[in-house]
Amino acid sequence: MSDTVLSATLFGAEDLRMVEAPLGPLAPGMVRVRFGAGGICGSDMHYFRHGRTGDFVVETPLILGHEIAGEIVDIAGPVGDLRIGDRVAVNPSRWCGHCARCREDRPNLCENIYFMGSASKKPHMQGGFATYFDATPAQCVKVPDDTPFAAAALAEPLAVCLHAVRRADPVEGRRGIVLGAGPIGLLTFLAARLAGMSEIAIVDIAAAPLVFAQRLGADHVIDLSRGEQGLRNLAAERNFDIAFEVSGTAAGLASAISTVRRGGTVVQIGNLPGGQIPVPANAVMAREIDLKGSFRFGREFDEAVRLIVEKKIDVMSLVTAERPLSSAQEGFALALDRSRSVKVMLTAP
């Protein structure tokens, strides 16, 4: 094991640097993980482009990355059944376990949560785009040796989507529409299909991701770059019960509210820009829409790992490119180009 760590560290908008620093001591009760793979997420890209995502603003240098997996290389004290050499998917959430929300079994709403690679707390919690990073034993879920690190790393975004589908429950036998065909939108489609949703449409403004949606088996795809009439016609014809808003735009949320049937459900997954956002609230009232938020995930992380290990959901079908961690800047540039990529993974240097 090296005595230094190389990390993809954000200093401000479009200021991502590879920083080498001494590897510090491992705190008692923690494990040290050698980076195996990590996915570049939409929130990582927001941080990179704007120095913020939603209301979370980068104020001090932040190591990005929360979709991560690797190999345990050091252990400090009792850590349950974890051993050096174990391959693990790493849950980026550290829940306190004792606040009111944790006691309600809603740990994603923990009042004291720290989340890797996030500026939601001060000081920021550093992420996992680093050759070595530390985690608690509770964050580490073991995976078999034949599970690729890249697949294990994608347990995090899959957990987000499993949680969103659970927020929409019941979905079995119902019709749904997903607004946004990025990785979260596509994984939401796969999670909803696995849960028994009978018919699913996917909407986007870019043609390339919609090709992926068709390949994955979407029943309908709508390219909004050609105008909204096609979406309006489809909504009138299919009478969608549930809309998942994944685009993270005010226009997307408005479309979700107008597209779902009267008495339907809208689940907001996308992280909207910070500040006040206009919402067609009268339509929510007059059409009696159930508008639900979906924030990260709770116990779904373990479920996501299981589904990946058992090959119930093929997360690797979304991966369009891999770049070594040492070339993180190139990886981010590629991830930001939706005409050339769906999901970009960083791999061990």
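Asp-105 lies in the loop between helix H2 (100–103) and strand E10. In this predicted model, its phi is near 60°, a positive value in a residue other than glycine. Its relative accessible area is 48%; because the exposed class begins only over 50%, Asp-105 is partly exposed. Glu-14 also has a positive phi without being glycine, with a value near 55°. Glu-14 sits in the loop between E1 and E2 and counts as exposed, at 58% relative accessibility. Most residues other than glycine have a negative phi, and most peptide bonds are trans.

Pro-170 is in the loop between helix H4 (155–167) and strand E13 (175–179).

## Aromatic pairs and cluster

A pair of aromatic rings is described by the distance of the centres and the angle of the planes. The count of aromatic pairs comes to four. In one of them, the rings of Phe-35 and Phe-129 have their centres 6.5 Å apart and their planes at 90°. Since an angle over 60 degrees counts as edge-to-face, this pair is placed in that class. Phe-35 is in strand E3 (residues 31–39), and Phe-129 is in the loop between strand E10 (114–115) and strand E11 (132–135). The two residues are 94 residues apart, so the pair links distant parts of the chain. Phe-35 and Phe-129 are buried.

Phe-48 comes from helix H1 (residues 42–50) and Phe-332 from helix H11 (residues 328–335), and 284 residues separate the two. This pair, too, links distant parts of the chain, and both of its members are buried. Phe-35, Phe-48, Phe-129 and Phe-332 form one aromatic cluster.

## Charges over rings

## Helix H6

Which residues of helix H6 (residues 207–216) are buried? They are Pro-209, Leu-210, Phe-212 and Ala-213. Seen down the axis of H6, these buried residues fall within an arc of 150°, so they line one face of the helix. An α-helix has 3.6 residues a turn, so residues three or four places apart point the same way.

The face of H6 turned away from the buried side carries the exposed residues Gln-214 and Arg-215. The cover over the buried residues of H6 includes helix H5 (183–194), strand E14 (199–204), strand E15 (220–223) and strand E19 (319–324). After H6 comes Gly-217, with a positive phi near 105°.

## The second largest pocket

The second largest pocket holds about 450 Å³ of space. It is lined by 22 residues, of which Ile-63, Gln-126, Gly-127, Phe-133 and Asp-134 are the closest to its centre.

Strand E1 (4–12), strand E2 (15–22) and E11 are the elements that give two or more residues to the lining of this pocket. E1 gives the most, with four residues.

## Thr-147

Thr-147 is placed in the loop between strand E12 (140–142) and helix H3 (149–153). Is this residue buried or exposed? Its relative accessible area is 5%, and the buried class covers values under 20%, so Thr-147 is buried. Leaving aside neighbours within four places in sequence, Thr-147 is in contact with Arg-87, Ala-152 and Val-309.

Terms used:
Residues numbered from 1 in each chain as written. Predicted model: local features only at pLDDT ≥ 70, side-chain atom pairs only at ≥ 80, totals over all residues. Heavy atoms only, no water. Phe/Tyr/Trp six-rings, centres within 6.5 Å; stacked < 30°, edge-to-face > 60°. Buried < 20%, exposed > 50% of the residue type's maximum accessible area, 1.4 Å probe, protein only. Arc of directions from axis to C-beta. Contact = heavy atoms within 4.5 Å. 1 Å grid on protein atoms, 1.4 Å probe; cavity = no way out; pocket = protein on both sides within 12 Å on 5 of 7 lines; lining within 4 Å. Points joined across faces, edges and corners; volume = space filled by probe spheres on them.
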